[in-house]
Amino acid sequence: MPALRSLGRRSAIPVEMDLRIARRLPEPVEVGAYYVVTEMLTNAAKHAHASIVQVDAEVSGNTLRVCVRDDGVGGADPLRGSGLVGLRDRIETLGGVFTIHSPPGGGTTVSCELPVLGR
């Protein structure tokens, strides 16, 4: 997904990417993944004060897995902001699963799995 690489190049903080996606995916899936990465890069720079972000994405079988990790301050709470709630809603609307792990002082990891049907 070239759009994800572009996000990494434009990010305010360094981004390491490991993208293992050999084909175009259905547009709603690509858009959902794009929004997850965009929001998490913004949060890492703006709120987490992270020094680096790792973005991993791969298609395995009929599932796209995206994981975004930062080394910031952690403590991200979906109940305190609409961005994370909006991401969860978007991913779940596509039939996916959205999880967040963000212990205080331990960085933030957001993972999502999206079904990839067609194409």
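A salt bridge is a side-chain nitrogen of Lys or Arg within 4 Å of a carboxyl oxygen of Asp or Glu, and the legends below apply that term to a predicted model.

**View 1. The salt bridge between D56 and R69 in the predicted model.** The closest N and O atoms of D56 and R69 are 2.6 Å apart. Because D56 belongs to strand β2 and R69 to strand β3, this pair ties together parts that are 13 residues apart in sequence. D56 is buried, with a relative accessible area of 16%, whereas R69 counts as partly exposed at 33% relative accessibility.

**View 2. The salt bridge between E58 and R20.** Here the closest N and O atoms lie 3.5 Å apart. E58 is found in strand β2 and R20 in strand β1 (residues 15–20), so the pair ties together parts that are 38 residues apart in sequence. Both side chains belong to partly exposed residues, E58 having a relative accessible area of 28% and R20 a relative accessibility of 39%. Salt bridges that share partners join D18, R20 and E58 into one network.

**View 3. The salt bridge between E30 and R24.** The side chains of these two residues meet with an N to O distance of 2.5 Å. E30 is buried, its relative accessible area being 12%, while R24 is exposed, with a value of 52%. Under the rule that opens these legends, the count for the model comes to five salt bridges.

View 4. A polar contact of 2.6 Å joins the side chains of T108 and S102. Neighbours within four places in sequence being left aside, the residues in contact with T108 include M40, V68, R69, D70 and G74, together with A76, I100 and H101.

**View 5. The largest nonpolar core, with V68 among its residues.** This core has 29 residues, and those with the most contacts inside it are V36, V37, L64, V66 and V68. At least two residues of the core are supplied by each of α1 (2–10), α2 (27–46), β2 (53–60), β3 (63–70), α3 (82–93) and β5. Helix α2 gives the most to this core, with seven residues. When its neighbours within four places in sequence are left aside, V68 is in contact with V36, V37, M40, V53, Q54, V55, T108, T109 and V110.

Notes. Residues numbered from 1 in each chain as written. Predicted model: local features only at pLDDT ≥ 70, side-chain atom pairs only at ≥ 80, totals over all residues. Heavy atoms only, no water. Polar contact = N/O pair within 3.5 Å; in protein donor to acceptor, adjacent residues only side chain to side chain. Contact = heavy atoms within 4.5 Å. Core = buried A, V, L, I, M, F, W, Y, C linked by side-chain atoms within 4.5 Å. Buried < 20%, exposed > 50% of the residue type's maximum accessible area, 1.4 Å probe, protein only. Helix = DSSP H or I, 4+ residues; strand = E, 2+ residues; numbered from the N terminus.
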